Structure formats: C-alpha cells, structure tokens
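Subject: Structure handover

Hello,

Here is the structure I promised to pass on. Please open it first, then read the notes below it.

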Amino acid sequence: SSDLANSTVTNKAKSSISAASGSQIINDSGDVIITAKSDGTVSSSTSALAGALGFGNASSSAINNPFNTISLDGATVKGQTIKLWSGLDAAGVPNILTSVADSQMNSGVIGVPVPIATATSQDTNSISITNNAQILARGNVELKAQTKDWSGGATKRSFADATAYILAAVPINGTENITDSTTNTITIDGSSNLVEIGRAHV
C-alpha cells in the first residue's frame, strides 16, 4: 500500500485599530499608547507510507501570516507622550510567531519521492496617519513598526524538517523550505500633523 499525505495550516490573524474623522482620543493627564500586535504558533505534520513500489508522498505547510494595522483617518489624538506601535506591545515585545512543518516518509525501497516541509513566518505591520489627522503631544511622539531581524540564530521563527526513512538505509533529507520576514510601513500624508506641543511653545 502507499499513502498521499498533505497538510496545510495557516494563520491569517488581523489586529486592527482604526479611528475615523471626528474621532478624538484624549488623555489630559497622561500618555496615549495605541498598539496592534499578533502572536501565533502554527504546526503542520504529515507521515506517509510509500509502500513496496516506492509510491506515495508527504507534504506539510505551516504558514504564519498576521496583519497588524493602526489607522488614524482624520482623528485627533492628544496626550503627554503618544505612542503608536504596530507589531509591538506596550512593553516593546514584537510579534511572537512560531511556524513548524514536519514531513516524514517511510519506505522499504530506495527511490521514493522526497517529502516536502514548508514553514513560513511573514508578518505585516503598518501605521497610517491620513486625512488631516492631528497627533498632538505635550511630550514625544513615537511611531514604530517593528523591524527586528528574523534571519536566523536565536531569533529564528520558522522550522522545517523533511525526512525519508528507507528500510535498512540511511535516512534521506527531503525538501525543506523556510521563509522568515517582516514588512513594516509608516505612512503620513501631507494634510496630517504630528506636533510636540510643549516644544512648539518653548
């Protein structure tokens, strides 16, 4: 007998904060902190038996693809320090993502199709200030879309393992695809204002 095993698990969570024209977010006695952040663990695993003739295959995909957005479209925000952080929480901790794909083949003969494991962690973080939005701080204005480097080492977020096990033979590595990246954008149109009020009146 032989098996075909395919598994795809996807996280497309969205964390969105929007304030439209006429909206006011005001703290006369302290800071205003607005954050959008997503955490997620995605795991996909497959195991297949190739059988005596070497037919069958295993493929697994774990995809972490969250979107975090802060949109101030004509809104007014006023406070001491104003923080707009996308992809970070109020303590500065970035999105915590883990993507794990595991694909295994078992066969009694050499020449089986190699298993495939694909792990993807790609988060998108954006801040948009448009349509005459007013950001009025008595102290500082902080705009951050997290820019941590996830290229590997201790910060690695994507893990893939694909292995073919052949009876009485050394295990054969399959195809392992890993993607780990982040896209961050901050947009401020020409009609909007970021003003540090205290410094403006020094």
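First, a definition: two strands pair if DSSP finds at least two bridges between them. Keep that in mind for the sheet below. Note too that this is a predicted model.

**The chain as a whole**

The chain has 202 residues, and 41% of them count as buried. Its secondary structure comes to one helix and 17 strands. Take the contacts between residues at least 6 apart in sequence: 82% of these join residues at least 24 apart. The accessible surface is about 9800 Å². Carbon and sulfur atoms account for 51% of that surface.

**A three-stranded sheet**

Three strands form an open sheet in the order β4-β9-β13, with parallel pairing. β4 (32-36) and β13 (141-145) stand at the edges. Each has a single partner strand, so one side of each is left without a neighbour in the sheet. On average, neighbouring strands of this sheet are turned by 5° against each other, direction ignored.

Look at one pair in detail. β4 pairs with β9 (residues 82-86) in the parallel sense, over five bridges. Which residue in β9 is the bridge partner of Ile 33? That partner is Lys 83.

**A nonpolar patch**

Ile 186, Ile 188 and Leu 194 make a nonpolar patch of about 220 Å². Ile 186 is found in strand β16, which covers residues 175-188. The relative accessible area of Ile 186 is 39%, so this residue is partly exposed. Patch residues need over 30%.

Best wishes

Key:
Residues numbered from 1 in each chain as written. Predicted model: local features only at pLDDT ≥ 70, side-chain atom pairs only at ≥ 80, totals over all residues. Heavy atoms only, no water. Patch = residues over 30% accessible without salt bridge, like charges linked within 9 Å, V, L, I, M, F, W, Y side chains within 5 Å. Areas by Shrake-Rupley, 256 points an atom, 1.4 Å probe, with all protein chains shown as cover. Salt bridge = Lys/Arg side-chain N within 4 Å of Asp/Glu carboxyl O. Helix = DSSP H or I, 4+ residues; strand = E, 2+ residues; numbered from the N terminus. Buried < 20%, exposed > 50% of the residue type's maximum accessible area, 1.4 Å probe, protein only. Contact = heavy atoms within 4.5 Å. Axes fitted to C-alpha atoms, helices over the stretch in contact; angles between N-to-C directions.
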